[in-house]
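Reader: I'd like a close look at how side chains come together in this one. Could you start with the rings and then work outwards from there?

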Amino acid sequence: MTATYSQPAVYFFGQGRADGTAAMKDVLGGKGAGLAEMTNLGIPVPPGFTISSTLCHTYLETKEFPPWLRVQVETSLQRLEAATGRHFGGAKDPLLVSVRSGAALSMPGMMDTILNLGLNDTTVKGLEAQSKNPHFAYDSYRRFVQMYGSVVFDLPKPPFERLLEERRQARGVPREIDLPAEDLRALVRDFKTHIQRERGRPFPEDPMEQLWGAIAAVFESWNTRRAIDYRRLHNIPDAMGTAVNVMTMVFGNLGEDSGTGVAFSRDPSTGAKVLYGEFLLNAQGEDVVSGTRDVEPIQRLKEIMPQVHQELERMARTLERHFRDVQDMEFTIERGKLYMLQCRRGQRTGHAAVRTAVEMVGEELISEEEAVARIPPNDLNQLLHPTIDSKAHLDLLTTGLPASPGAASGAVVFDADVAEQQGRKGEAVILVRRETSPEDFHGMVKARAILTARGGMTSHAAVVARGMGKPCVAGAQAIEVNESAKRFAVNGRQIKAGEWITVDGATGRVYAGQAALVSPVLSENFTRLMGWADRLRQLRVRVNADTPADAHRGRDFGAEGIGLCRTEHMFFEGDRLTAMREMILAQDADGRKRALAKLLPIQRSDFEAIFRAMEGYPVCIRLLDPPLHEFVPKEAKEIKELASALGQPVAKVKRVVDGLQEANPMLGLRGCRLGIVYPEITEMQARAIFEAACTVVARKGRVTPEVMVPLTATVVEFRRQAAVIRQVAEEVFRERQLTVPYLVGTMIELPRAALTADDLAREAQFFSFGTNDLTQTTWGLSRDDAGRFLPFYLDQGLLEDDPFQVLDQTGVGKLIQMGCELGRKARQDLKIGICGEHGGEPQAVMFCDRLGMNYVSCSPYRVPIARLAAAQAALAKRGTMDRTRATV
Ligand code: PEP
Ligand code: MG
């Protein structure tokens, strides 16, 4: 994306009028669009201008600014001077500006900001004279040089902080803000010397040079590691680029009648309709978010400056009504006058998203459809998150701020890289930091929860964790983190790296050890929202459940049937496993039948309980699928135990076990091949299904069994298995003297099945796409081994997503589409669903809806997510999704 002179690249806002509007986010970025819209709404915004994000890549590619851009920026600066009555670089009346990033999609804290730009050894005197406040003037100056040093000169922050700390200690004052002006002046000198020494060039005194340096640095910050990581996680395209906002400074550090803060129009954690936020008196923006000073809750502002609080509340409501969504606002109070510096759509937890959407429908701000369209389905994860069992015995370590709800346990780590490495291996880790910074982002992504010692509800850790739906306790002040020694001290105790703790982000409590967690209780708001979603969707949602408990949970979450009951899961424990092993080790069909007879009553009673739990909704039961070696022991000791349990010689058992080994078991004797080689297994399973169904029907229950043949490659296989199933059904119905309607169908999980779906559909009454195996076989990518190199592929950008998590619509999707079309051509009323892990992935749900499938099926906790995604799919078909999505 490149810009040319013919396009305006710089957009002015100020004095009640702006060149841009909220609709121009693509050009102005979110911040610039918000500033323009607020200006147009008559909200007090300091005047300024936005340099279009289209210039970002032009700059990044050439590392130069086109001459025409320089002209447009200079013209805008002149307008700014006229609007403020000040002069950029003026010795008496200096105009100071902030330079900030702002992409079309919000990336909070990921890019750079510079405040107080325009100060130098001359203009600082003008500022001092004008404000009659030398402390303020030099405080602003030292902040500017410090920020400029780290952002534009790319110098690490700690040396600057150390210099500041040394001054504070030498002076013996409690806070930085208490340093006298002469110390601040000396600090400016120290910082400049540090910059010169480290970079071999002086700090620029010329304000124009300062400005261009800052603009370049903001564009460059688009490509920092943290910004790239953030974009990957949130699917933000690299091509988007950031805009640059240059805005007149208003000062929150002019004394105790000034301040700065951030506020949400509703509580971003719970969704409650109260002005929510934090502020600091006599401070500038970075003090609030960096956690270096303890912030005050916004309620305190009501006591200190009631009018300002009232005004802020009024602006919050105006913006909320205008944008019809929760607003996250940055403000500054300069000598009692309130200015808005930013407004954007407020990031919120899943809890808050649901409550806010439902309440806004009640307030007639949005429609039910908009409420449904607005909530990212995966956000529901947070409502479905576990909490700590109230009966658990807990060892409280400390309490911090409840920054992002949900509970998690894990081993303590202090380093983001370590959190990333261990998290990637599937280990449960909790990232503990004094405070997080954007450089920690990659570790936060992989941690189960985040705990910080400093910072408030709007600190970096809190904002980022809420965005990810990750439990977070922030600002646990009693904790002393020693990151280099890899331990933290709290109330006289020491917790070392690797020790387990439990974090409860809803209460802010932190416990030693691993606490028992319980499933969440769903709110009334959630139920209402899901009711609207259910009215909108066409796609049915089923659950993958192998046990009566899972079936009940699925029903509680709104599942309308079972899409996959993996019968093998019933064989893996206790007596069942022994009988299963006996069947595998039997020498002939008779021996197998004897062992299977032991399994029959067990299966039958499981099916009965599952049918009852589903109350007449369809239950799709898949016949035995995995390779038999999965059921037998591997260790010599266990083989010996099995031999003695079965009364067989150890050598014989070992021989059979060894004989079961296959080079490629996933492509070996498994799926319907088992039932074809050993039809007595299919007979037993079919008998268990139909006997259970008859028992339920005989007791006035309702059942709709669907018997599913796995891993079918040819119609001949299917025909052979279907014949066994149907014959058993007839036998059982004759014995029980009743008939139960049932279907026989197949999984489509091999490319050949998709390619010959018309043949299969002539015999099969339903299809269920097993996208786990279909992904494995389409990609030639082992489900069990992919973990060894997929992370590398993802890191290197060879793949955007793990195809086992996010359905590959381009490749695997093409086979699914073909399967659906061929299948329906051969059998119009063919029932089609999906039961691989992708059945609960929102994008895949939308895809399945587009193909006209009847249902998706997924694990219990994903059922609500699939219901919401299915409703959004229906809205998308009507073309209402984009219109109803929040605007800013
Ligand atoms: C599948 O392959 O997608 C499937 C659902 O079956 P399983 O995961 O049990 O192989
Ligand atoms: Mg499978």
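Author: Here is a walk through the ring contacts, the metal site, a pocket and a few backbone spots.

A bit of bookkeeping comes before that. This is a predicted model, so local features need pLDDT of at least 70 and side-chain atom pairs count only at pLDDT 80 or more, while totals for chains, interfaces and linings use all residues. Residues are numbered from 1 along each chain as its sequence is written, chains are lettered from A and ligands numbered from 1 in the order in which they are written, and side-chain values use heavy atoms, with hydrogens and water left out.

Now the rings. There are 18 aromatic pairs in the structure, where a pair means Phe, Tyr or Trp rings (for Trp, the six-membered one) with centres within 6.5 Å; planes under 30 degrees apart count as stacked, over 60 as edge-to-face and the rest as tilted. Take F160 and F191: their ring planes are at 75° with the centres 5.2 Å apart, so this pair is edge-to-face. F160 sits in helix 6 (residues 157-171) and F191 in helix 7 (residues 181-199), so the contact ties together parts that are 31 residues apart in sequence. Helices here are DSSP runs of H or I with at least four residues, strands are runs of E with at least two, and both are numbered from the N terminus. Both F160 and F191 are buried, which is to say under 20% relative accessible area; exposed is over 50% and partly exposed is in between (1.4 Å probe, protein chains only).

F690 and F733 make another pair worth a look. Their centres are 5.7 Å apart and the planes at 80°, so here too the label is edge-to-face. With F690 in helix 26 (residues 679-698) and F733 in helix 27 (residues 715-736), the pair ties together parts that are 43 residues apart in sequence. F690 and F733 are both buried.

Rings can also gather: Y59, F65, W212 and F219 are linked by ring pairs into a cluster. "Over" here asks for NZ of Lys or CZ of Arg within 6 Å of the ring centre and within 35 degrees of the ring normal. K337 does this to Y339, with its charged end 5.0 Å from the ring centre.

On to the metal. The magnesium ion (ligand 2) is coordinated by E749 (OE) and D773 (OD), at 2.0 to 2.1 Å. Donors are N, O and S atoms within 2.8 Å of the metal (3.2 Å for Na, K and Ca), and with water not among the atoms, sites may look incomplete. E749 comes from the loop between strand 29 (743-748) and helix 28 (751-755) and D773 from helix 30 (residues 771-779), so these two tie together parts that are 24 residues apart in sequence. E749 is buried at a relative accessible area of 2%, and D773 is buried too, at 3%. P751 lies in helix 28 and is partly exposed, at 23%.

What about open space? The second largest pocket has a volume of about 340 Å³, and its lining has 20 residues, with R86, M249, V250, F251 and E334 lying nearest its centre. Helix 4 (residues 123-131) gives the largest share of that lining, three residues.

Lastly, the backbone. N491 has a positive phi of about 45° although it is not a glycine; it belongs to the loop between strand 20 (487-490) and strand 21 (493-496) and is exposed at 58% relative accessibility. E615 also shows a positive phi of about 45° without being a glycine. This residue is in the loop between helix 22 (589-614) and strand 27 (618-622), and it is partly exposed at 44%. For a contrast in burial, L312 in helix 12 (residues 306-323) has a relative accessible area of 0% and is buried. L312 and M329 are 17 residues apart in sequence, with their C-alpha atoms 9.5 Å apart.

Definitions and conventions: 1 Å grid on protein atoms, 1.4 Å probe; cavity = no way out; pocket = protein on both sides within 12 Å on 5 of 7 lines; lining within 4 Å. Points joined across faces, edges and corners; volume = space filled by probe spheres on them.
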